[in-house]
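The following note is intended for a colleague who is meeting this structure for the first time. Its points go from the chain as a whole to single residues.

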Amino acid sequence: MEVRRVARADERGALGRIARAVGLCAAGVVAIAATGLDPAPAPQAQPRSDDPVLVALASSDPLALASAVDRAGDDAVLERLGDADAASDALDPAVVGVAISAAPWLAEPERAFRRLIAIARGHDPDLAPAAMLALLGGVERIDRAGLDAREAELEPIREALPLLDELAADASVRLDIRRAAARARELLRGVLEP
């Protein structure tokens, strides 16, 4: 009799975890739908065999991407994402696409915000919306308690706010990206409030 109770409790626990995971996925879908962005993934690279990090990230199952990012490390992903102040035309779009897919899963996603905003401001029809979705994913993963717990610098978030203001007001940028920028800005302001 005791074995049955334990088995039922395990089933309820597993079902509860599955229900929470489905709820989180549904919340993500609602957030994407609210911005009007197409949830299509960033373009995937044909991995260069001489870049083991790129191969690992590009070949990862989407559900295992967070683990792949954890193994590769934030710096490796940020390096492939490029410099926010450099011209993005010089970067391989396939490499940047893989880095964009990985950006929301960084241990410190705020470190990628400036670069993702710069890519979203661009006019690449694949990378711009993918960068905005990645930014929203990163923004939704952070909260003030988490930032405080890891003693994170708030400067990258403060730097992102005026950039998001500009992006949301830029009429040359797609409407869905502008709306997503406004949403990200509001979420980040909420994170900075005590």
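1. Contact, as used in this note, means heavy atoms within 4.5 Å. Among contacts in the protein chain between residues at least 6 apart in sequence, 71% join residues at least 24 apart. The model under discussion is a predicted one.

2. Overall make-up. The protein chain contains 10 helices and 0 strands. Read from the N terminus on, its elements follow the order α-α-α-α-α-α-α-α-α-α. Of the 194 residues in the protein chain, 39% are buried.

3. The nonpolar core. Which residues touch the most other members of the largest nonpolar core? They are Leu57, Ile100, Leu116, Met132, Leu135 and Leu188, in a core of 51 residues. Two or more residues each are given to this core by helix H2 (52-58), helix H3 (65-72), helix H4 (74-81), helix H5 (93-102), helix H6 (113-121), helix H7 (127-141), helix H9 (155-169) and helix H10 (175-192). The greatest contribution is that of H7, with 9 residues.

4. Helix H5 and its cover. H5 is mostly covered, as 8 of its 10 residues are buried. The buried residues of H5 are Val95, Val96, Gly97, Val98, Ala99, Ile100, Ser101 and Ala102. Their cover includes H2, H3, H4, H6 and H7. Ile100, one of these buried residues, is also among the core residues that touch the most other members. The next two points take up two of the covering helices in turn.

5. H5 against H7. The axes of these helices, H5 and H7, come within 9 Å and cross at roughly 20°. Angles under 35 degrees count as roughly parallel, and H5 and H7 are therefore roughly parallel to each other. The crossing of H5 and H7 is left-handed. On the H5 side the contact involves Pro93, Val96, Gly97 and Ile100, which meet Leu127, Ala130, Ala131 and Ala134 in H7. Sorted by class, the residues in this contact of H5 with H7 are 7 nonpolar, 1 polar and no charged.

6. H4 against H5. H4 and H5 have axes 8 Å apart and pack at an angle of about 140°. H4 and H5 are therefore oblique to each other. The crossing in which H4 passes H5 is left-handed. From H4, the residues Val77, Arg80 and Leu81 meet Val95, Val96, Ala99, Ile100 and Ala102 in H5. This contact of H4 with H5 holds 7 nonpolar residues, no polar residues and 1 charged residue.

7. H6 against H9. How do these two helices lie, and what is the make-up of their contact? The axes of H6 and H9 come within 9 Å, crossing at roughly 10°. That angle makes H6 roughly parallel to H9. The contact is formed by Phe113, Arg114, Ile117, Ala120 and Arg121 of H6 together with Ile157, Glu159, Ala160, Leu163, Leu164, Glu166 and Leu167 of H9. By class, the contact of H6 with H9 has 8 nonpolar, no polar and 4 charged residues.

8. Ala120. Is Ala120 buried or exposed? Ala120, found in helix H6, is buried, because its relative accessible area is 0%. Leaving aside residues up to four places away in sequence, Ala120 touches Ala128, Ala131, Met132, Leu167, Val173 and Ile177. Leu167 is also listed on the H9 side of the contact of H6 with H9. Ala120 and Ala181 are 61 residues apart in sequence, with their C-alpha atoms 9.0 Å apart in space.

9. Ala169. This residue, Ala169, has its place in helix H9. Ala169 is exposed, because its relative accessible area is 63%. Between the C-alpha atoms of Ala169 and Arg179, which are 10 residues apart along the chain, the separation is 9.3 Å.

10. Glu151. Most residues other than glycine have a negative phi. Glu151 has a positive phi of about 50°, although it is not a glycine. Glu151 lies in the loop between helix H8 (144-149) and H9. Because its relative accessibility is 70%, Glu151 counts as exposed.

Methods:
Residues are numbered from 1 along each chain as its sequence is written. This is a predicted model: local features need pLDDT of at least 70, side-chain atom pairs count only at pLDDT 80 or more; totals for chains, interfaces and linings use all residues. Side-chain values use heavy atoms; hydrogens and water are left out. A nonpolar core is a set of buried Ala, Val, Leu, Ile, Met, Phe, Trp, Tyr and Cys residues joined through side-chain atoms within 4.5 Å. Buried means under 20% relative accessible area, exposed over 50%, partly exposed in between (1.4 Å probe, protein chains only). Helices (H or I, at least four residues) and strands (E, at least two) are DSSP runs, numbered from the N terminus. Axes are lines fitted to C-alpha atoms, for helices over the stretch in contact, and angles run from 0 to 180 degrees between N-to-C directions. Angles under 35 degrees count as roughly parallel, over 145 as roughly antiparallel, 65 to 115 as roughly perpendicular and the rest as oblique. A crossing is left-handed if the near helix is turned anticlockwise from the far one by less than a right angle, and right-handed if clockwise. Ala, Val, Leu, Ile, Met, Phe, Trp, Tyr, Cys and Pro count as nonpolar, Asp, Glu, Lys and Arg as charged, and the others, Gly among them, as polar.
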